[in-house]
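This report describes how selected secondary-structure elements are arranged in a predicted model. The sequence and structure are shown first, and the description follows.

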Amino acid sequence: MERFEKPKSLTESVLEHLRSEIVTGKLELGAAISERQLAAELNVSKTPVREALAQLRNEGLVDVEPRKGAYVFSLSAREVIEICDFRMAIETAALGLALERNPDAFIADIEQIVAEMKRTISEDDIPSYLALDTDFHAAAFRHCENGYLRDSFGRYSGKIAALRTHLASKPRHTELSFDEHIELLAAFRSRDMDEVHQTLLRHIGRTKNSYEETVDDIAVADASTASK
């Protein structure tokens, strides 16, 4: 019997739209979100907008303050460090399992992603590069055969991707990122987990060290730097 895809609800459509706007940086970190304005722009009632914002709040992409409204999340330097610690722990675990259980398929997946990264770099297509960067780090979870690891990463993958987009504006960030992904591919091919761990530590460590620990809000700090 032919199966039909269930059409997306208004809430699902609004949710996907808003998530994409945040992850790609069209809605910047810390930006105010107006339910009324969004409803008008998307030609929907405020109900699906409100429901989508509630889900994005659960994903950590939106902060909702009573009597003030909704805002795209921002982070303190301390929270950036915590995200990096989380990534090191969970990505190391997933990489170990992927290289143990599905090494050939995992490495082939990574090789294809890196080839596409090289093309987007040559074309100066940064948005596509950033999407591939997210896919690169998700690959281990596709091949690790552990649903708990995959779901845990998935819960915060949007927030990590949005932070990645925000950091892409920093000098040489994308160039350095690509070099590090090539190094990671070489480490995966070696299948030496000590080398994988150290290479990943350098890669994620660059994000971890992007801000002084005293920075309370990275979006405010970067906006201030850009205006000088």
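At what angle do the axes of helix H6 and helix H8 cross, and within what distance do they come? The axes of H6 (residues 126–143) and H8 (residues 173–190) cross at roughly 30° and come within 12 Å. Angles under 35 degrees count as roughly parallel, and the two helices are therefore roughly parallel to each other. The crossing in which H6 passes H8 is left-handed.

On the H6 side, the contact involves Ile126, Tyr129, Asp133, Phe136 and His137. These residues meet Thr174, Ser177, Phe178, His181, Leu184 and Phe188 of H8. By residue class, the contact comprises six nonpolar, four polar and one charged.

The model also contains an open sheet of three strands, ordered S1-S3-S2, with antiparallel pairing. The strands are listed below.

| Strand | Residues |
|---|---|
| S1 | residues 32–33 |
| S2 | residues 62–65 |
| S3 | residues 69–72 |

S1 and S2 stand at the edges of the sheet and have a single partner strand each, so one side of each is left without a neighbour in the sheet. The antiparallel pairing of S2 with S3 runs over four bridges. Asp63 stands opposite Tyr71 in S3. Helix H3 (residues 46–58) packs on this sheet and touches S1, S2 and S3. The direction of H3 makes about 115° with that of S2.

Key:
Residues are numbered from 1 along each chain as its sequence is written. This is a predicted model: local features need pLDDT of at least 70, side-chain atom pairs count only at pLDDT 80 or more; totals for chains, interfaces and linings use all residues. Side-chain values use heavy atoms; hydrogens and water are left out. Two strands pair if DSSP finds at least two bridges between them. Contact means heavy atoms within 4.5 Å. Axes are lines fitted to C-alpha atoms, for helices over the stretch in contact, and angles run from 0 to 180 degrees between N-to-C directions. Angles under 35 degrees count as roughly parallel, over 145 as roughly antiparallel, 65 to 115 as roughly perpendicular and the rest as oblique. A crossing is left-handed if the near helix is turned anticlockwise from the far one by less than a right angle, and right-handed if clockwise. Ala, Val, Leu, Ile, Met, Phe, Trp, Tyr, Cys and Pro count as nonpolar, Asp, Glu, Lys and Arg as charged, and the others, Gly among them, as polar.
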